[in-house]
Amino acid sequence: MPLYEHVFLARQDLSQAQVDALAETATKIVEDNKGKVVKTETWGLRTLTYKIQKNRKAHFVMLDIEASGDTIAELERQTRMNEDVIRYMTVRVDAHEKGPSVMMRKSDRPERSERGERGGFGGGDRDRGAPRPDRAPRAEQEA
């Protein structure tokens, strides 16, 4: 059976319980149409890059699905009619990702303030405007 990833964005003013109910509704649609939801991930309330239908934030939910194309068509039809869902996308994949998705692993990365031995921004401890030993001196310009 084909494998899919279905991600939807729910309105920011919904509670977490309402978002979980939306995920359960999507799961029920898939299972009623002889499909199977392998994994459900709630990525939480995140800031959007741009406003979507006057929303600055949205609840993100991802479902890993094993189902036929007709089941996915029905899921998308039902999702399209739901006023609480502001965007959705379904993608066919070759294999489901084992363990947590990239969005869930994002918090495992070190913070930006923990930089390497170079320190902060720029070229390290070099003084600006000081002569560089690896270059010939600049020719003075006459005005």
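## Salt bridges around Arg11

Asp13 and Arg11 form a salt bridge, with their closest N and O atoms 3.0 Å apart. (A salt bridge here is a side-chain nitrogen of Lys or Arg within 4 Å of a carboxyl oxygen of Asp or Glu.) Keep in mind that this is a predicted model, where local features need pLDDT of at least 70 and side-chain atom pairs count only at pLDDT 80 or more, while totals for chains, interfaces and linings use all residues. Residues are numbered from 1 along each chain as its sequence is written, and side-chain values use heavy atoms, with hydrogens and water left out.

How exposed are these two? Asp13 counts as exposed because its relative accessibility is 54%, while Arg11 is partly exposed at 25%. (Buried means under 20% relative accessible area, exposed over 50%, and partly exposed in between, using a 1.4 Å probe and protein chains only.)

Arg11 also meets Asp84 in a salt bridge, at 2.7 Å from N to O. This pair links distant parts of the chain: Arg11 sits in strand S1 (residues 3-11) and Asp84 in the loop between H2 and strand S4 (85-93), 73 residues apart. (Helices, H or I with at least four residues, and strands, E with at least two, are DSSP runs numbered from the N terminus.) Asp84 is partly exposed, since its relative accessible area is 23%.

## One more bridge, and the count

Now for helix H1. Lys28 forms a salt bridge with Asp32, and their closest N and O atoms are 2.9 Å apart. Both residues lie in H1, four residues apart, which is about one turn of the helix. Asp32 counts as exposed, with 52% relative accessibility.

Back at Arg11, salt bridges with shared partners join Arg11, Asp13 and Asp84 into one network. How many salt bridges does the rule give? The count comes to six.

## How H1 and H2 pack

Two packed helices are described by the angle between their axes and the distance between the axes. Helix H1 (residues 16-32) packs with helix H2 (residues 69-81) at an angle of about 150°, and their axes are 9 Å apart. That makes H1 roughly antiparallel to H2. (Axes are lines fitted to C-alpha atoms, for helices over the stretch in contact, and angles run from 0 to 180 degrees between N-to-C directions; under 35 degrees counts as roughly parallel, over 145 as roughly antiparallel, 65 to 115 as roughly perpendicular and the rest as oblique.)

Which residues make the contact? On H1 they are Ala26, Ile29 and Val30, and on H2 they are Thr71, Glu74, Leu75 and Gln78. (Contact means heavy atoms within 4.5 Å.)

## Two positive phi angles

Lys34 has phi near 65°, a positive value in a residue other than glycine. You'll find Lys34 in the loop between H1 and strand S2 (36-52), and it counts as exposed at 72% relative accessibility.

Gln53 has a positive phi too, near 50°, and is likewise a residue other than glycine. Gln53 belongs to the loop between S2 and strand S3 (55-66), and it is exposed, with a relative accessible area of 53%.

## Where the chain starts

Met1 lies in the segment before S1 and is exposed, with a relative accessible area of 65%. Met1 and Ala67 are 66 residues apart in sequence, yet 6.0 Å apart in space, C-alpha to C-alpha. Leaving aside neighbours within four places in sequence, Met1 is in contact with Lys34, Glu66, Ala67 and Ser68.
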